[in-house]
Amino acid sequence: MAAAYLPAGSIKHRLKHPMLVGIILWAIGHLLANGDLASLLVFGVFLVYAIVDLIAVIPRGDPASAVVRPLSDLIAVGIGLVAFALFGLWLHGWLFGVSPFA
C-alpha cells in the first residue's frame, strides 16, 4: 500500500493501483481469520468495493508510471515492513484488543 504514495517503481508499474491491491489482500486476510457475520459484512464490502474499483480503473491506464525508479520499491517495502511490525505487534492489540500473532 505504501507504493501507492511514492514515485513509480516496479511495484506500482506492475500492479497499476497498489492501494486497491493492498485493500484486497487486507480484506481477504481478515475474512480468513474472522468468521462472524459482522466481519463478513465489513471486510466483504471492502473486498467487493476494491475489486469493482480495480476493474473500473485499470482500463484508464496511468501514463505517469512510465518511468520506473527502483529506489521507490525499496522505500515502499521498508515502510510496509515497519508499518506491519508496529501495527501487528503493538497497535492492533491496543486499538482492537486482539493480537494478530497470539
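Visitor: Where does V68 sit?
Guide: V68 is in the loop between α3 and α4. Keep in mind that this is a predicted model.

Visitor: Is V68 buried, exposed or partly exposed?
Guide: V68 is partly exposed, because its relative accessible area is 34%. The cut-offs here are under 20% for buried and over 50% for exposed.

Visitor: What is V68 in contact with, leaving aside neighbours within four places in sequence?
Guide: A8, G9, S10 and H13.

Visitor: How far apart are V68 and S10, in sequence and in space?
Guide: They are 58 residues apart in sequence. In space, C-alpha to C-alpha, the figure is 6.0 Å.

Visitor: On to L71. Which helix is that in?
Guide: L71 is in helix α4, which covers residues 70-96.

Visitor: And is L71 buried or exposed?
Guide: Exposed, because its relative accessibility is 57%.

Visitor: How far is L71 from P7?
Guide: Their C-alpha atoms are separated by 9.1 Å. Along the chain, L71 and P7 are 64 residues apart.

Visitor: What about S72, buried or exposed?
Guide: S72 also lies in helix α4. It counts as buried, because its relative accessibility is 8%.

Visitor: Which residues is S72 in contact with, beyond four places in sequence?
Guide: L6, P7, A8 and G9. A8 and G9 are also among the contacts of V68.

Visitor: Let's switch to α3. How many residues does it have, and how far does it reach?
Guide: Helix α3 runs over residues 37-57, so to speak 21 residues. From first C-alpha to last, α3 reaches 30 Å. That is close to the 30 Å expected at 1.5 Å a residue.

Visitor: Which residues of α3 are buried?
Guide: S39, F43, G44, L47, A50, L54 and V57.

Visitor: What covers the buried residues of α3?
Guide: The cover includes α2, residues 18-33.

Visitor: What makes up the largest nonpolar core?
Guide: It has 9 residues in all. They are L20, V21, I23, I24, A27, L47, A50, L54 and V57.

Visitor: Now the whole protein. How many helices and strands?
Guide: There are 4 helices and 0 strands. Along the sequence, the pattern reads α-α-α-α.

Visitor: What box do the C-alpha atoms fill?
Guide: Roughly 40 × 30 × 15 Å, taken along the principal axes.

Visitor: How many residues, and what share is buried?
Guide: The protein has 102 residues, and 26% of them count as buried.

Visitor: What share of contacts join residues at least 24 apart?
Guide: It is 51%, among contacts between residues at least 6 apart in sequence.

Visitor: Last topic, charges. How many positive and negative?
Guide: There are 5 positive and 4 negative charges. Their mean positions are 12 Å apart.

Terms used:
Residues are numbered from 1 along each chain as its sequence is written. This is a predicted model: local features need pLDDT of at least 70, side-chain atom pairs count only at pLDDT 80 or more; totals for chains, interfaces and linings use all residues. Side-chain values use heavy atoms; hydrogens and water are left out. Helices (H or I, at least four residues) and strands (E, at least two) are DSSP runs, numbered from the N terminus. The expected span of a helix is 1.5 Å times one less than its number of residues. Buried means under 20% relative accessible area, exposed over 50%, partly exposed in between (1.4 Å probe, protein chains only). Contact means heavy atoms within 4.5 Å. A nonpolar core is a set of buried Ala, Val, Leu, Ile, Met, Phe, Trp, Tyr and Cys residues joined through side-chain atoms within 4.5 Å. Lys and Arg count as positive and Asp and Glu as negative; His and the chain ends are not counted. The place of a charge is taken as NZ of Lys, CZ of Arg, CG of Asp or CD of Glu.
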